[in-house]
Amino acid sequence: MFDRVRRKKEVPEINLIPVMNLFVTLIPFLLLGAAFYHVGVIPASMPTAGSGEGGEAAVVQKVTVNLTLGNDAIELTAESPQLEPEVLEAMGARIEWNGDPEKLEALSAALGRIKKDYAESDTVIVLPRSDVQYQTVVQVLDASREMKQGDTKKEPLFPVVVLSQTLEGAG
């Protein structure tokens with residue numbers, strides 16, 4: 001009699017293997033779907049409540065520097081939506097390049113002048129032509145990030161470096 005009662009009270013074991021197989025198959029598909037999901041963000045700023053003292057908030061002027069690298073020269077140009085084209089054109093420079101490290105110091109000095117006038121600027125876009133050697137690109141990237149001050153001290157210039165490419169033959 002105890003056997004009969006014991007058999008009725010035993011709970012059958014639930015087979016979880018099909019459910020686990022379902023999740024093992026489903027999880028990679030969910031992760032792949034999440035990788036292709038992008039949230040679109042439109043950068044915008046909202047006016048903030050001032051202290052009521054009047055006057056306008058100071059507009060931060062930033063400059064983005066473009067460095068076009070060729071085998072014989074480095075061309076420096078600047079762009080900014082806040083500045084006049086004449087001011088931006090005056091920042092431009094052409095540095096003859098022959099692999100001499102002193103030319104990189106001239107590049108750092110030109111970038112230092114821009115950084116001095118527009119301290120909030122932090123972006124430089126490097127545009128090497130297709131025939132420029134990799135070593136030249138690395139040297140220019142290093143020269144645009146920091147400027148040597150003496151033997152050991154280095155002053156940061158443009159920490160955000162974007163490496164892009166030129167559209168050669170277009171036009």
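## Overall make-up

Five helices and seven strands make up the secondary structure of the chain. The model is predicted. From one end of the sequence to the other, the elements run α-α-β-β-α-β-α-β-α-β-β-β.

Of the 171 residues in the chain, 25% are buried. The chain exposes about 13600 Å², and carbon and sulfur atoms supply 57% of that area. Among contacts between residues at least 6 apart in sequence, 59% join residues at least 24 apart.

## The sheet

Five strands build an open sheet with mixed pairing. Their order is β3-β2-β1-β4-β7. The edges belong to β3 (93-96) and β7 (160-163). Each has a single partner strand, so one side of each lacks a neighbour in the sheet. On average, neighbouring strands are turned by 20° against each other, direction ignored.

Ile 74 has Ile 95 in β3 as its bridge partner. Helix α4 (residues 101-117) packs on this sheet. The helix touches β1 (64-69), β2 and β3, and its direction makes about 5° with that of β2.

## Helix α5

Helix α5 covers residues 134-145. At 1.5 Å a residue, its twelve residues should span 16 Å. The end C-alpha atoms lie 17 Å apart, which agrees.

Which residues of α5 are buried? They are Thr 136, Val 137, Val 140, Leu 141, Ala 143 and Ser 144. Around the axis they cover an arc of only 165°, so they sit on the same side of α5.

Definitions and conventions
Residues numbered from 1 in each chain as written. Predicted model: local features only at pLDDT ≥ 70, side-chain atom pairs only at ≥ 80, totals over all residues. Heavy atoms only, no water. Helix = DSSP H or I, 4+ residues; strand = E, 2+ residues; numbered from the N terminus. Expected span 1.5 Å × (residues − 1). Buried < 20%, exposed > 50% of the residue type's maximum accessible area, 1.4 Å probe, protein only. Arc of directions from axis to C-beta. Pairing = 2+ DSSP bridges. Axes fitted to C-alpha atoms, helices over the stretch in contact; angles between N-to-C directions. Contact = heavy atoms within 4.5 Å. Areas by Shrake-Rupley, 256 points an atom, 1.4 Å probe, with all protein chains shown as cover.
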